[in-house]
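Subject: Structure handover and notes

Hello,

Here is the structure you asked to look at.

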Amino acid sequence: MNDNEERDYKKKAIFDGMAKRGQERILRIGYENWDPFEEPKDPRERIFGSASIKAGALIREFYESKGNKEESVTLHRELFELCRGLLQGESRAQVIVEFCNWLRKRMGEDV
């Protein structure tokens, strides 16, 4: 048995051993896209990665430009996640920015 066959055999065994609910979740994302052998993401990367460090610096710079008035913890976290997402090229963050730009133009036309 070669490595691919063995990997497929183990993948099927893991899938078959899962609860029905877990199998349904896997089937929603696509069995072929599912990798049960994928290494888990390091949670420290979210905090100490280069994009996170740069996002933190940009958020601090933003607060300083606004008179050093830091907003609530929730707002700070959301700004940080948006900035980090933009730096990492996440489509979710880009769509939020595009929507804000669209809304600004739309509201400017209506006023």
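In what order do the elements of the chain run from the N terminus on? They run α-α-α-α-α-α. This is a predicted model, so please keep that in mind while reading. The chain has six helices and zero strands. Of its 111 residues, 17% are buried. If you take the contacts between residues at least 6 apart in sequence, 39% of them join residues at least 24 apart.

Salt bridges

A general point comes before the details. Side chains of opposite charge can pair when their charged atoms come close. The structure holds four salt bridges, and three of them are described here, including one between glutamate 6 and lysine 10.

In that pair, the side chains meet with N and O 3.2 Å apart. Glutamate 6 and lysine 10 are both in helix α1, four residues apart, so about one helical turn separates them. Glutamate 6 is partly exposed, at 31% relative accessibility. Lysine 10 is also partly exposed, with a relative accessible area of 41%.

Another salt bridge joins aspartate 35 and arginine 7, with their closest N and O atoms 2.7 Å apart. Aspartate 35 sits in the loop between α2 (20-29) and α3 (43-48), while arginine 7 belongs to helix α1, so this pair ties together parts that are 28 residues apart in sequence. Aspartate 35 has a relative accessible area of 29% and is partly exposed. For arginine 7 the relative accessible area is 37%, which also makes this residue partly exposed.

The side chains of glutamate 81 and arginine 84 form a further salt bridge, at 2.6 Å from N to O. Both residues lie in helix α5 (residues 73-87), and because they are three residues apart, about one helical turn separates them. Arginine 84 counts as buried, at 10% relative accessibility.

A lysine without a salt bridge

Lysine 11 lies in helix α1 (residues 3-16). This residue is buried yet has no salt bridge. How far away is the nearest side chain of opposite charge? That side chain belongs to aspartate 8, and the distance is 6.0 Å. A salt bridge needs the nitrogen and the carboxyl oxygen within 4 Å, so aspartate 8 at 6.0 Å does not make one with lysine 11.

What does lie 2.9 Å from a polar atom of the lysine 11 side chain? The backbone oxygen of tyrosine 31 does. Leaving out residues up to four places away in sequence, lysine 11 touches Tyr31, Glu32, Trp34, Pro36 and Phe37.

The largest pocket

The largest pocket has a volume of about 180 Å³. Its lining is made up of Leu75, Glu78, Leu79, Glu81, Leu82, Arg84, Gly85, Glu90, Arg92 and Ile96. Which elements give two or more residues to this lining? They are α5 and α6 (91-110). The most comes from α5, with seven residues. Glu81 and Arg84 are among the lining residues, and these two also meet in the salt bridge described above.

Leucine 58 is in helix α4 (residues 50-65). At 34% relative accessibility, leucine 58 counts as partly exposed. Which residues does leucine 58 touch, not counting residues up to four places away in sequence? The answer is Cys83 and Leu87. Leucine 58 and arginine 84 are 26 residues apart along the chain, and their C-alpha atoms are separated by 9.7 Å.

Regards

How values were computed:
Residues numbered from 1 in each chain as written. Predicted model: local features only at pLDDT ≥ 70, side-chain atom pairs only at ≥ 80, totals over all residues. Heavy atoms only, no water. Buried < 20%, exposed > 50% of the residue type's maximum accessible area, 1.4 Å probe, protein only. Lys, Arg positive; Asp, Glu negative; His and termini not counted. Polar contact = N/O pair within 3.5 Å; in protein donor to acceptor, adjacent residues only side chain to side chain. Contact = heavy atoms within 4.5 Å. 1 Å grid on protein atoms, 1.4 Å probe; cavity = no way out; pocket = protein on both sides within 12 Å on 5 of 7 lines; lining within 4 Å. Points joined across faces, edges and corners; volume = space filled by probe spheres on them.
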